[in-house]
Amino acid sequence: MQLKLLNALMAIGLAAAGSAGAQVTDKMIQSEATANGNVLTWGVNTQGQRYSPLKQVNTGTVSRLVPAWAFSFGGEKQRGQEAQPVIHKGKMFVTASYSRIYALDATTGKKLWKYEHRLPEGIMPCCDVVNRGAALYDNLVIFATLDAQLVALDQNTGDVAWKEKIDDYAAGYSATAAPIIANGLILTGVSGGEFGIVGRVEARDAKTGRMVWSRPTVEGHMGYTYDKDGNKQEAGISGTVNNSWPGDLWKTGGAATWLGGTFDAKTGLAYFGTGNPAPWNSHLRKGDNLFSCSTVAIDVKTGQIKWHYQNTPSDSWDFDGVNEFVTFDMDGRRVGGKADRNGYFYVNDATTGQLLNAFPFVRKTTWADGIDLKTGRPNYVAENRPGDPVASDGKKGNSVFAAPGFLGGKNQMPMAYSPDTKMFYVPANEWGMDIWNEPVAYKKGAAYLGSGFTIKPLNEDYIGALRAVDPKTGKIAWEVKNGAPLWGGVLTTGGNLVFWGTPEGYLKAADAKTGKVLWEFQTGSGVVAPPVTWQQGGEQYVSVVSGWGGAVPLWGGEVAKKVNLLEQGGMVWVFKIPSAGTTRTARAGDVRTASN
């Protein structure tokens, strides 16, 4: 009896030791971005640089890159695949549209388990049924769902460890962003800015799901902290009630944090971009409408806003400021770069928020003719703001043509920064829109826009362009144009490479210094997700998810008609350089070298 008990205790101890050895820690998340192994966070590192030091695949060897395996998400849910995989201890965790997540063997593609969240009727995602990825912590993989829940699963079994409701999907809330980990907390935002929700950032204990703090991103709302029993205490209002909002409009003010955030361990701050104020009709909400269309820097220990910078005060064009704030070092100080939807690239001090530089990264901006570096405010072109319906017939305000269009100079697709070249690689789009204002009133669960619009291309030959941008000078070093709008993200590596995908279905690799395209592969459907790379068993792997969808087919107007030939899909592709003697199984012509 005693021997059996001893053996049982030893087995438990060994299992626990094995489990502990596989657990993801904060230290691992911070160090893996400069190591050779795993991909433990959205953004490749928590700063969001999407840079890997791996160099086995480089400008000299990338032409030999071939498929290692491919995996289909299966079923009929083949659209809108915007996820970045995360990889740990030989396992890939990748989310798919309709709130699904898969665990796969990272070297063979074998499915280990699948979790499909049961979605209710009546969810209201504005911009397709997408999900952008998961977070890893301890023995958990954690992702958000379209009905505004956060689900933590056991990495080994896929069993639910905990599940927490973020908010009410019937009021327009949803969640599509990949969560991030900061000092043992899992940080999440909310989606739903087109439905008059109230944006916020929430921090939970990543192991248990217990709420720690919440911070609203609409001025006038109260923030809270939570004790271990779940009791909440007031933690101060975000800003001042009615300081930048008239009347009661702040109560349904939008400013959704739908793209998630980044975290810099050196500053101790999390950086979240905030979306459009609600409604779109700016004549109803006189004022700057804080903290919409901003970068908000939050102390992860307290949940307090340490600084904010508003990219588009009093937004009238749906220029969501959700774009990622990527921190890096420049001239001996910690700074952050942001390619905003409004078409301007901003560099701010990461500790104080001081604006250091601002310049356009698209060829045409009509709403402003520059950013005043002293005041930090745009130089608006007054006649290019959509008109007030009250000033005309009360039904439709004066229509204007604005560039970029509301889908932005850059939208959800994340850029990359290389500390080697000291350049950002920005997936930009050149388009405009006719836009006008209309009367609107808030109704729970209904669209809350007050505007009409039609997206239009600006050029005959291209819409998208991958651009190498110098954040210090504002110069574009090179660009690779693309016929369709770019909607996937970017990866850069120590092998002097930049990887990105196109809606036409190609994953491409270019020389990071010159922009010369060196390799491309046809995935069979549009790529609207960011690539990743990792090393395992002495071999470097590159992966991207393929599956056309997202906002462009739904909201793209004339552009949507132009790209309606593109096919939907749902595949994970993984590539490597074959070892000597390996027989390639992919068909000739699938992979090719290329030049621009």
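Predicted model: local features only at pLDDT ≥ 70, side-chain atom pairs only at ≥ 80, totals over all residues.
Where is Asn-496 found? Asn-496 sits in the loop between β34 and β35, the latter covering residues 497–501. We will come back to this residue after a look at the whole protein.

The pLDDT of the protein averages 92, and 93% of the residues reach at least 70. Two stretches call for some care. Over residues 1–20 the pLDDT is below 50, and this stretch has zero contacts in the model beyond near neighbours in sequence. Residues 583–589 also stay under 50, and for them the model has four contacts beyond four places in sequence.

Now to the overall build. The protein contains four helices and 41 strands. Its radius of gyration is 23 Å, close to the 25 Å that the globule rule gives for 596 residues, so the protein is as compact as a globular protein of that length. Along the principal axes, the C-alpha atoms fill a box of roughly 85 × 60 × 50 Å. Of the 596 residues, 62% count as buried. Among contacts with a separation of 6 or more, 61% are between residues 24 or more positions apart.

The protein carries 59 positive and 54 negative charges, whose mean positions are 4 Å apart.

With that picture in mind, let us visit some single residues. Trp-487 is placed in the loop between β33 (476–482) and β34 (490–493). Trp-487 has a relative accessibility of 1%, so it counts as buried. From Trp-487 to Phe-521 is 34 residues in sequence and 17 Å in space, C-alpha to C-alpha.

Most residues other than glycine have a negative phi, and most peptide bonds are trans. Asn-496, our opening residue, has a positive phi near 60 degrees. With a relative accessible area of 17%, Asn-496 is buried, because that value falls under 20%. Asn-183 has a positive phi as well, near 55 degrees, and lies in the loop between β11 (180–182) and β12 (185–188). Asn-183 is partly exposed, at 46% relative accessible area.

Finally, look for two cis peptide bonds. One runs from Leu-290 to Phe-291, with omega near 0 degrees; Phe-291 lies in the loop between β18 (269–273) and β19 (294–299). Another joins Ala-403 to Pro-404, with omega near -5 degrees, and Pro-404 is in the loop between β27 (400–402) and β28 (416–418).

Note on methods: Residues numbered from 1 in each chain as written. Heavy atoms only, no water. Helix = DSSP H or I, 4+ residues; strand = E, 2+ residues; numbered from the N terminus. Rg over C-alpha atoms; globule rule 2.2 N^0.38 Å. Buried < 20%, exposed > 50% of the residue type's maximum accessible area, 1.4 Å probe, protein only. Contact = heavy atoms within 4.5 Å. Lys, Arg positive; Asp, Glu negative; His and termini not counted. Charge placed at Lys NZ, Arg CZ, Asp CG, Glu CD. pLDDT = per-residue confidence, 0-100.
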